Amino acid sequence: MRIAVVGGGIGGLCLAHGLRKAGVEVAVYERELSRTDRLQGYRVHINPRGAAALRECLPVANWEKFEQSAGSSDNGFGFLTEQLKPLLVLDPEEEKHYSASRITLRQVLLDGLDVQFGKRFERYENNGAITLHFEDGTTAEADVLVGADGIQSRVRRQYLPHAGTEEVGVTAVAGKLFLDDHDWIPRSLLIRANSIIPTSRCGMFLAAHDGLGHTDHDGLLFDNVRPYLMWAYAARDLDVHNGLQAEVLRRIAGWSPDLRRVVESSPPETVSQWHIRSSKPIERWESTNVTLLGDAIHAMTPMRGIGANVALRDAQLLARCLVEGGDAIARYEAEMYDYGFAAVRDSLRAARQFAEGGPVARTLFRTVLRTAAAVPALKRAMF
């Protein structure tokens, strides 16, 4: 059985390792020209389920590189007011969480795989056996095609043309403040991730990341080694005309001076904006020898920080099903459809809660958080 994976992101590469580990023939086709073309991005939260998928699929040496290069993300989570007053602080979970550089994680995943770069997928023909066509005029043959080519998936566009994503009406502006240049940042913003819950229709998320990413002796790991505080401000009616930082500063004028200083002091080149999208709900489709994983089928908002972990779960499950044989794709899609689109709905709900709700509803939510902080039984029930 020959498996073709279109897309060299986190999910596609994890799947390729899982299949290769089991002795299944797999080829990965990536549109980027080289392994160092994606040297950008923030760190990504890998939860226990995502870590378990990596550990199962990766060779031991790759898993060890991941553990060595990823920082811990076990310091709990805080809900704060816009004046940095604590509403509720959640304790660290017993199972280990990781904070991984997207850049470094991709290099770890690429190590040991013979990825074919510069292959922009164009279309496929399926006559039992699948023929892949690429923009450079070349073709490839496979028995199973896996679209792991992200939110703009060309495989999905042909296979499930009615699927796709839509804007949810929430816009985010995010930036980085490098910690080695600033020693004034409140400790509460450095020791754990925090969500700012104001009474207005907006929100801010902040998380500090250490500088574990580096270039190792094999030249495999690439990252900016500087530690930084990542911040992201989101709102439903955010329409930037006067510059990203200026607009955010205008909107948080009455917030804590430290939060305003975080935004104001961030280098402009680290600040970016994106319109948040989420997959459209679709009915279950009939399975064939073409399938999808990760953002290609169930793209979700970043508000729960679970997108990469769901893609890793896809990779683990699909690798298991393909190795077991039989109606592998049908078994994979039946399970993936349920948990994948449940995650989409959960993430979409979180995005709307983050950026919507009037003063009364938000004040009530803050009261609930304060009550949970004071009543351990309620805190356990809620979280």
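Q: Which residues does UniProt list for "domain: FAD-binding"?
A: The UniProt entry, which is unreviewed, lists residues 3-167 and 267-323. UniProt positions follow the numbering used here, feature names are shortened, and annotations may be inferred rather than shown by experiment.

Q: And what am I looking at, in terms of source?
A: This is a predicted model, with residues numbered from 1 along each chain as its sequence is written. Local features need pLDDT of at least 70, side-chain atom pairs count only at pLDDT 80 or more, totals for chains, interfaces and linings use all residues, and side-chain values use heavy atoms, with hydrogens and water left out.

Q: How much helix and strand is there over residues 267-323?
A: The chain there is 37% helix and 19% strand. The end C-alpha atoms of that stretch are 48 Å apart. Helices (H or I, at least four residues) and strands (E, at least two) are DSSP runs, numbered from the N terminus.

Q: Where is Thr 165?
A: Thr 165 is in strand β12, residues 165-178.

Q: Buried or exposed?
A: Thr 165 is buried, because its relative accessible area is 13%. Buried means under 20%, exposed over 50%, partly exposed in between (1.4 Å probe, protein chains only).

Q: What does the side chain of Thr 165 make a polar contact with?
A: The side chain of Arg 277, at 2.9 Å. A polar contact is a pair of N or O atoms within 3.5 Å; within protein, one must be able to donate a hydrogen and the other to accept it, and residues adjacent in sequence count only if both atoms are side-chain atoms. Thr 165 also touches Ile 151, Ser 278 and Ala 299, among others, not counting residues up to four places away in sequence. Contact means heavy atoms within 4.5 Å.

Q: New topic. Which residues touch the most other members of the largest nonpolar core?
A: Leu 15, Ile 46, Leu 54, Phe 66, Leu 132, Leu 145 and Trp 285, out of 74 residues. Such a core is a set of buried Ala, Val, Leu, Ile, Met, Phe, Trp, Tyr and Cys residues joined through side-chain atoms within 4.5 Å. A second, separate core has 24 residues, including Trp 184 and Trp 255.

Q: What about Cys 14?
A: Cys 14 is in helix α1, residues 10-21. Its relative accessible area is 0%, so Cys 14 is buried. Among the residues it touches beyond four places in sequence are Leu 54, Cys 57 and Ala 315.

Q: Which residues is Ser 256 in contact with, beyond four places in sequence?
A: Glu 82, Gln 83 and Leu 84. Ser 256 lies in the loop between α6 and α7. Glu 82 is 174 residues from Ser 256 along the chain, yet their C-alpha atoms are separated by 6.1 Å. Glu 82 also touches Arg 366, which lies in helix α11.

Q: And what is the phi of Leu 84?
A: Near 65°, a positive value in a residue other than glycine. Most residues other than glycine have a negative phi. Leu 84 lies in the loop between β5 and β6, and counts as buried because its relative accessibility is 14%.

Q: Last one: where does α10 bend?
A: At Met 336, by about 30°. That bend is the angle between axes fitted to the seven residues ending there and the seven starting there. Just after α10, Gly 357 takes a positive phi of about 95°.
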